Amino acid sequence: MTPAQADDARAASDCSDSLESNSSTTQEGMRLDSPRLADGAALWRIARDSRVLDLNSSYSYLLWCRDYAGTSIVARDASGSPVGFVTGYTRPAAPRTLLIWQVAVDHAQRGRGLAGAMLDALAARARRRLGVEVVETTVTPDNTASDRLFTSFALRHQAAVEREVLFDSVVFPEHGHAPEVLYRIGPLGAPVPATGR
């Protein structure tokens with residue numbers, strides 16, 4: 001097990017041992033906490049219904065909820081049902097870097113700042129528990145919503161954003177895949193409270 005995997009396992013264990021101390025509530029009344037195995041199917045449905053994300057197998061979302069719960073977050077409505085999620089992991093070669101894999105919000109919950117709230121809460125938890133200093137993600141050039149989300153995240157966290165093509169379109173097996181641009185955000189500073197949420 002690499003040090004990064006050990007950190008993720010420790011964070012996941014901490015989350016399952018003390019879920020309540022790991023949860024928070026948004027101004028919209030959504031509860032943010034770590035995903036549980038039982039959430040995997042709902043995360044898959046939210047990703048599928050987004051019609052924007054690359055849909056992974058349902059099996060992969062179950063594994064994510066089991067193995068990367070400490071570096072991921074789920075938003076729950078008043079009934080406790082997942083309505084949004086952010087999946088991430090610490091990079092094995094750079095354990096102080098949190099790579100954000102997917103961000104998704106249920107259609108009915110969009111436009112309320114939930115994606116930003118989940119990113120902020122996950123970054124705060126990863127900084128506190130794992131010493132994360134940098135957030136990375138990839139965004140395709142045509143995804144203006146993700147560009148705005150991560151650019152505003154960087155502003156709130158007083159962090160620089162470096163952009164470079166990580167995976168050019170020619171490396172993907174399917175024809176027509178857009179290039180994936182790496183956003184490297186960091187080092188993270190003290191967060192500036194968001195307004196208007």
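Proline 187 sits in the segment after β8, and a cis peptide bond with an omega of about -5 degrees joins glycine 186 to proline 187. The model is predicted, so local features need pLDDT of at least 70 and side-chain atom pairs count only at pLDDT 80 or more, while totals for chains, interfaces and linings use all residues. Residues are numbered from 1 along each chain as its sequence is written, and side-chain values use heavy atoms, with hydrogens and water left out. The protein chain has six helices and eight strands (DSSP runs numbered from the N terminus, helices being H or I of at least four residues and strands E of at least two).

**Overall make-up**

- Along the sequence, the elements of the protein chain follow the pattern α-α-β-β-α-α-β-β-β-α-β-α-β-β.
- Of the 197 residues of the protein chain, 44% count as buried (buried is under 20% relative accessible area, exposed over 50% and partly exposed in between, with a 1.4 Å probe and protein chains only).
- Among contacts between residues at least 6 apart in sequence, 65% join residues at least 24 apart (contact means heavy atoms within 4.5 Å).

- Helix α3 spans residues 40-50, and its buried residues are Gly40, Ala42, Leu43, Ile46, Ala47 and Ser50.
- These residues lie on the same side of α3, because they cover an arc of only 165 degrees around the axis (the arc is that of the directions from the helix axis to the C-beta atoms).
- An α-helix has 3.6 residues a turn, so residues three or four places apart point the same way.
- The buried residues of α3 pack against α4 (58-67), β3 (73-76), β4 (82-91) and β5 (94-105).
- In α4, the buried residues are Tyr61, Trp64 and Cys65.
- They span an arc of only 95 degrees around the axis, which puts them on the same side of α4.
- Tyr59 and Arg66 are exposed on the other side of α4.
- The cover over the buried residues of α4 includes α3, β4 and β5.

- Glutamine 102 lies in strand β5 and counts as buried because its relative accessibility is 5%.
- A polar atom of the glutamine 102 side chain lies 2.7 Å from the backbone oxygen of aspartate 54 (a polar contact is a pair of N or O atoms within 3.5 Å; within protein, one must be able to donate a hydrogen and the other to accept it, and residues adjacent in sequence count only if both atoms are side-chain atoms).
- Leaving out residues up to four places away in sequence, glutamine 102 touches Ala47, Leu53, Asp54, Asn56, Tyr61, Phe85, Val86 and Thr87.
- The largest cavity has a volume of about 40 Å³ (on a 1 Å grid over the protein atoms alone, a cavity is a set of points where a 1.4 Å probe fits but cannot get out, and lining residues have an atom within 4 Å of a point; grid points are joined across faces, edges and corners, and a volume is the space filled by probe spheres set on the points).
- The lining of the largest cavity consists of Asn56, Ser60, Tyr61, Trp64, Thr87, Trp101 and Gln102.
- Two or more residues of this lining come from each of α4 and β5, and α4 gives the largest share, three residues.
- By class, the lining of the largest cavity has three nonpolar, four polar and no charged residues (Ala, Val, Leu, Ile, Met, Phe, Trp, Tyr, Cys and Pro count as nonpolar, Asp, Glu, Lys and Arg as charged, and the others, Gly among them, as polar).

**Largest pocket**

- The largest pocket has a volume of about 1400 Å³ (a pocket is an open set of points with protein on both sides within 12 Å along at least five of seven lines).
- It is lined by 47 residues, of which Leu53, Val103, Asn143, Ser146 and Phe150 lie nearest its centre.
- The residues of this lining divide into 21 nonpolar, 15 polar and eleven charged.

**Positive phi**

- Most residues other than glycine have a negative phi, and most peptide bonds are trans.
- Arginine 51 is not a glycine but has a positive phi of about 60 degrees; arginine 51 is in the loop between α3 and α4 and is exposed at 79% relative accessibility.
- Glutamine 158, also not a glycine, has a positive phi of about 50 degrees; glutamine 158 is in the loop between α6 and β7 and is exposed, with a relative accessible area of 52%.
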